[in-house]
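Morning, everyone. Please have a look at the sequence and the model on the screen, and then I'll walk you through them.

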Amino acid sequence: MDTLTRSIWTDANYKHALKMLHDRSGIIVGEHKMKSSERLLEGLRKEFGFASIDDFLNALEKDNDHAGWPAFINSFTINHTAFFREPHHFDILTKYIEKHRTDCAMWCASCSTGEEPYSMAMVLNEIVGEQAACSKIVATDIDSQALKRAKAGIYSLDKLSGISEERLRRHFLKGNNRFEGKAKVRPALSARVEFSELNLMSFSWPKPAMFDVIFCRNTMIYFDRDTQVRLVADFARALKPGGLLFIGHSETLATTTDQFTLLGQTVYKRNNR
Ligand SMILES: C[S@@+](CC[C@H](N)C(=O)[O-])C[C@H]1O[C@@H](n2cnc3c(N)ncnc32)[C@H](O)[C@@H]1O
């Protein structure tokens, strides 16, 4: 692997890249991504045949449909996630599904590498059963690479260490040979989740409310306040009255809205108006 002898970044072009990232995705990152994004961006520059990183940034900026955009965004995203992260949310989800078991449409709005929507799907399948045709989880993210891994549904066993043996047996298949030390979600679990790419920045809820549950956790924290306010309004439109919005442990609803009532720690109920 060749090493970078000189940083591709100057103060000016790094600021330029962060502005482009923010305009496109809403994500605000600081200095800490300078190092980790560098090798990825340098690889992209070479792949797309530009003489300098500035030329590459300018080309992206001029062309909204440039093929380099998804990988540019992927270079900056923070994908940290885990199965059953913030377990108290899954207790509330369990009670909600038990009550509305006939049909439950859920949206996981920043699903990263899949741990979160598969956790939702485990809870769902355990309550309604694998065969029940009702209830789906739509799982979206801006990061095309993370989505690829989510769709594959293959995880190293250490990522699954917090899951009970019973859950592991029910929802995962342990790998052999080259998949030793890994496990794959069983078809009944993956069948519950539909993954697709969606940029929350360029989205506006177009249809009548259709979701009973929305998870958008540990993502709004990377957005500025205006974006957060707009997103919460979109989630309110997308949620049916009585539906639940789950946000991350260090997030609050960015607006004093009369559309939601706090139900539990970082869980909000959509009011009937
Ligand atoms: C820290 S992860 C959180 C994952 C998961 N929700 C959780 O709490 O474990 C943040 C995710 O938000 C996604 N993201 C960032 N900006 C986005 C945008 N504009 N639209 C959609 N997803 C975005 C990132 O790609 C990343 O996968």
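I'll take the domains, then a helix pair, then the pockets. Keep in mind that this is a predicted model.

Domains to begin with. The assignment for the chain gives domain 1 as 11-74. Domain 2 comes in two segments, 87-153 and 187-270. How far apart are the centres of domain 1 and domain 2? Over C-alpha atoms, the separation is 29 Å. The two domains do touch: domain 1 puts ten residues into the contact, and domain 2 puts in nine.

Now the helix pair. Helix α5 covers residues 87-99, and helix α6 covers residues 115-128. Their axes come within 10 Å. The crossing angle is roughly 35°, and the crossing is right-handed. Which residues meet there? From α5, we have Phe90, Leu93, Thr94, Ile97 and Glu98. From α6, we have Ser119, Met120, Val123, Leu124, Ile127 and Val128. Sort the residues of that contact by type and you get eight nonpolar, two polar and one charged.

What does the lining of the largest pocket divide into? Ten nonpolar residues, eleven polar and four charged.

The second largest pocket holds about 160 Å³ of space. By type, the lining of the second largest pocket has eight nonpolar residues, two polar and one charged.

That's the tour. Over to you for discussion.

Conventions: Residues are numbered from 1 along each chain as its sequence is written. This is a predicted model: local features need pLDDT of at least 70, side-chain atom pairs count only at pLDDT 80 or more; totals for chains, interfaces and linings use all residues. Side-chain values use heavy atoms; hydrogens and water are left out. Axes are lines fitted to C-alpha atoms, for helices over the stretch in contact, and angles run from 0 to 180 degrees between N-to-C directions. Helices (H or I, at least four residues) and strands (E, at least two) are DSSP runs, numbered from the N terminus. A crossing is left-handed if the near helix is turned anticlockwise from the far one by less than a right angle, and right-handed if clockwise. Contact means heavy atoms within 4.5 Å. Ala, Val, Leu, Ile, Met, Phe, Trp, Tyr, Cys and Pro count as nonpolar, Asp, Glu, Lys and Arg as charged, and the others, Gly among them, as polar. On a 1 Å grid over the protein atoms alone, a cavity is a set of points where a 1.4 Å probe fits but cannot get out, and a pocket is an open set with protein on both sides within 12 Å along at least five of seven lines; lining residues have an atom within 4 Å of a point. Grid points are joined across faces, edges and corners, and a volume is the space filled by probe spheres set on the points. Domain bounds come from an automatic or database domain assignment.
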